[in-house]
Amino acid sequence: MNTGIDVPQIQRFGALYIASARLRSMSKWRTIIAAVDIGNPLFYLIAVGIGIGVLVEQGSGTSGTSGIKYIAFIAPALLANTAITGIMDETVFPTIEGFKWRKLFFAQNATPITGRQIALGVYLAALCRAIFSVTVYYLLLLAFSVVDFGVSVLIIPIAILGGAAFGAVILYFAAKIEKDDQFFNILGRLILMPMFLFSGTFFPLTSMPIYLQPIGWVSPLWHATELGREAAFDYSIGNTMVIIHFVVLLTLVVVGLNLSMRQFERRLAK
Amino acid sequence: MSKPLISVRGLTKKFGDFTAVDGIDFDVAKGESFGLLGPNGAGKSTTMRILAATSTRTSGTVEILDKDPELFGPLVRAHLGVVPQQDNLDNELTVSENLFIYGRYFGLSKKFIKNKIEELLEFAQLEEKRDVKVEALSGGMKRRLTIARGLVSEPDILLLDEPTTGLDPQARHILWDRLFRLKEQGVTLVLTTHFMDEAEQLCDRLVVMDKGAIMAEGSPAGLIKQYSSKEVLEVRFGSDRNKEVAPQLATMCERMETLPDRLLMYTEDGEALLEKITHAGMHATTSLVRRSSLEDVFLRLTGRTLIE
């Protein structure tokens with residue numbers, strides 16, 4: 001054995017080695033990632049800010065959105081949604097690739113790196129992507145004068161927390177996938193899309209009939225959106241709700257990540 | 001004799017009701033080149049994944065460098081180089097990037113890896129491909145890169161699962177030459193194969209596996225001596241005639257195997273036997289005298305050919 005191999009050190013930092021390899025792979029896609037992360041917010045800000053927002057405010061002013069300008073009202077939701085889709089791209093694809101398509105995880109696991117570290121490394125790299133996407137989005141919000149620089153900067157970490165909660169859970173499901181035929185269709189059309197529409201994104205959750213509201217309650221997007229609005233505007237949801245939102249999101253992170261790490265370990269040891 | 005590097009006793013692995021590996025025993029000594037020979041589905045790859053300290057076992061004991069791989073996975077894996085059956089390189093990265101990130105997984109310093117990459121590129125004859133993305137490499141090049149990657153940590157034991165399956169003859173010979181060099185350098189090799197010529201070329205000692213069990217163990221020459229005759233006469237009389245003449249021919253040699261297209265006659269002197277057959281008035285449409293191989297050993301032990 002090479003004398004430079006320090007197993008205790010790998011046991012401490014293995015997840016970072018994996019994350020750095022993931023970032024290296026992601027950097028090969030940097031042009032596309034940048035185009036998506038700049039283009040997507042631009043389309044929304046133009047369509048909603050100039051189009052839908054004007055229409056909404058002509059109809060009912062800002063009475064339905066707690067006195068907040070419509071585009072500003074949905075901004076924390078768009079930000080959290082960006083974190084969610086960014087993290088999803090960087091967890092689901094690498095995980096299915098790692099277990100099935102290219103079996104990269106098996107190569108990584110043939111070194112002193114463990115399955116748990118691989119899961120954590122993929123997750124950390126995905127968080128980096130979310131940090132990038134959300135920051136770009138926030139800068140565009142500033143550029144479009146949707147928010148003022150100041151306390152609104154808090155919507156960045158809140159959006160990332162929302163993405164982190166969703167990502168920890170979706171990482172577990174991605175690691176469970178044996179047959180990927182319909183997975184992406186189901187994920188995109190039956191989970192992400194309804195979550196985006198029914199999480200209090202475009203209108204307050206309470207304006208929906210009560211039987212539709214549970215979609216929001218289980219959705220990381222709703223919890224992050226509410227927290228974001230509370231942080232950035234005079235939204236007044238109360239301290240209890242703030243705590244509940246934080247607890248839900250943090251619980252999803254902890255539980256999801258633990259399930260994911262265990263699932264990675266088990267699947268690699270088969 | 002010094003303590004073996006790998007010691008396996010009663011190793012069993014079940015997937016549900018299916019027993020992939022069924023109570024096998026073997027040792028591998030330091031510097032030895034050890035092979036697991038058997039057809040697809042014999043349990044070779046499953047055994048290899050357990051030796052690689054990644055897969056769990058159902059029962060039995062395994063010690064690699066005195067440690068149980070299931071309890072000390074990372075510690076054991078620090079000593080191993082693994083070349084899986086299917087190349088699992090990172091296609092999006094270049095040749096040298098693949099080596100680099102893999103070295104980092106072993107916690108090796110960037111400086112060490114940079115120097116090591118030069119050595120490995122030369123070994124794998126990939127110097128000119130260093131900055132090429134892996135997806136642009138040929139099958140043989142990918143295979144050599146996978147082997148080079150397995151060597152980045154200077155392992156005590158290199159595990160190779162079907163190292164040349166799917167390669168053309170020329171690529172196989174290049175690979176054999178590289179593996180032979182490693183063997184000369186004293187690296188302990190453990191490899192699986194279903195090619196008897198590969199086993200004969202590379203293995204000091206091997207076990208013949210079938211249906212999860214070990215059928216025989218020994219050196220390639222020793223196994224041939226023990227389970228086969230010195231020479232084999234292969235004769236063809238045409239598909240219908242083969243069966244007709246078989247009973248008569250069987251009395252003329254030590255042992256005979258009837259394959260769908262030809263008869264294998266085991267004897268000490270193939271030419272003499274062929275003459276005898278001709279004298280007896282039987283004229284084979286084609287005939288071939290060759291030395292016995294591991295294929296014959298496998299046929300004798302299992303009644304089947306290695307590649308079906």
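# Notes on chains A and B

1. Let's start with B:Lys211, which sits in the loop of chain B between β8 (205-210) and β9 (213-218). Helices here are DSSP runs of H or I with at least four residues, strands are runs of E with at least two, and both are numbered from the N terminus. The phi of B:Lys211 is positive, near 50 degrees, and this residue is not a glycine. That deserves a look, because most residues other than glycine have a negative phi. B:Lys211 counts as partly exposed because it has 15 C-beta neighbours inside 10 Å. For the cut-offs, 20 or more other C-beta atoms within 10 Å of a residue's own make it buried, 12 or fewer make it exposed, and anything in between is partly exposed, with C-beta atoms placed from the backbone.

2. Some housekeeping before going on. This is a predicted model, in which local features need pLDDT of at least 70 and side-chain atom pairs count only at pLDDT 80 or more, while totals for chains, interfaces and linings use all residues. Residues are numbered from 1 along each chain as its sequence is written, and chains are lettered from A and ligands numbered from 1 in the order in which they are written.

3. Chain A has its own positive phi: A:Lys103, not a glycine either, has a value near 55 degrees. A:Lys103 lies in the loop between α3 (70-101) and α4 of chain A. With 17 other C-beta atoms within 10 Å, A:Lys103 comes out as partly exposed.

4. What is the secondary structure of chain A? The count is 10 helices and 0 strands, and the pattern along the sequence reads α-α-α-α-α-α-α-α-α-α. The radius of gyration of chain A is 20 Å, close to the 18 Å that the globule rule gives for 270 residues, so chain A is as compact as a globular protein of that length. (That radius is taken over C-alpha atoms, and the rule is 2.2 Å times the number of residues to the power 0.38.) Along the principal axes, the C-alpha atoms of chain A fill a box of roughly 70 × 40 × 35 Å. Buried residues make up 46% of its 270.

5. A contact means that the C-beta atoms of two residues, placed from the backbone, lie within 7 Å. A:Ser260, in helix α10 (residues 239-268) of chain A, is an example to look at. A:Ser260 is buried, with 29 other C-beta atoms within 10 Å. Beyond its neighbours within four places in sequence, A:Ser260 contacts A:Ala119, A:Ala168, A:Leu171, A:Tyr172 and A:Ala175.

6. Which residues does A:Gln108 contact, leaving aside its neighbours within four places in sequence? They are A:Ile18, A:Ile113, A:Ile118 and, from the other chain, B:Tyr105. A:Gln108 belongs to helix α4 (residues 104-109) of chain A and is buried, with 26 C-beta neighbours inside 10 Å.

7. On to the interface: 31 residues of chain B are in contact with 29 residues of chain A. On the side of chain B that touches chain A, α2 (73-77) and α3 (95-105) of chain B each supply at least two residues. The residues of that side divide into 13 nonpolar, 11 polar and 7 charged. The classes are Ala, Val, Leu, Ile, Met, Phe, Trp, Tyr, Cys and Pro as nonpolar, Asp, Glu, Lys and Arg as charged, and the others, Gly among them, as polar.

8. Chain B comes to 11 helices and 13 strands, and 49% of its 308 residues count as buried. The domain assignment gives domain 1 (6-219) and domain 2 (229-291) of chain B, with bounds from an automatic or database assignment. The C-alpha centres of these two domains lie 40 Å apart. The unreviewed UniProt entry places "domain: ABC transporter" at residues 6-236 of chain B; its positions follow the numbering used here, feature names are shortened, and annotations may be inferred rather than shown by experiment. That span is 35% helix and 28% strand, with its end C-alpha atoms 45 Å apart.

9. Last, helix α4 (residues 110-123) of chain B. At 1.5 Å a residue its 14 residues should span 20 Å, which agrees with end C-alpha atoms 20 Å apart; the expected span is 1.5 Å times one less than the number of residues. The buried residues of α4(B) are B:Ile113, B:Lys116, B:Ile117, B:Leu120 and B:Leu121, and they pack against α3 and α5 (139-150) of chain B. After α4(B) comes B:Gln125, with a positive phi near 50 degrees.
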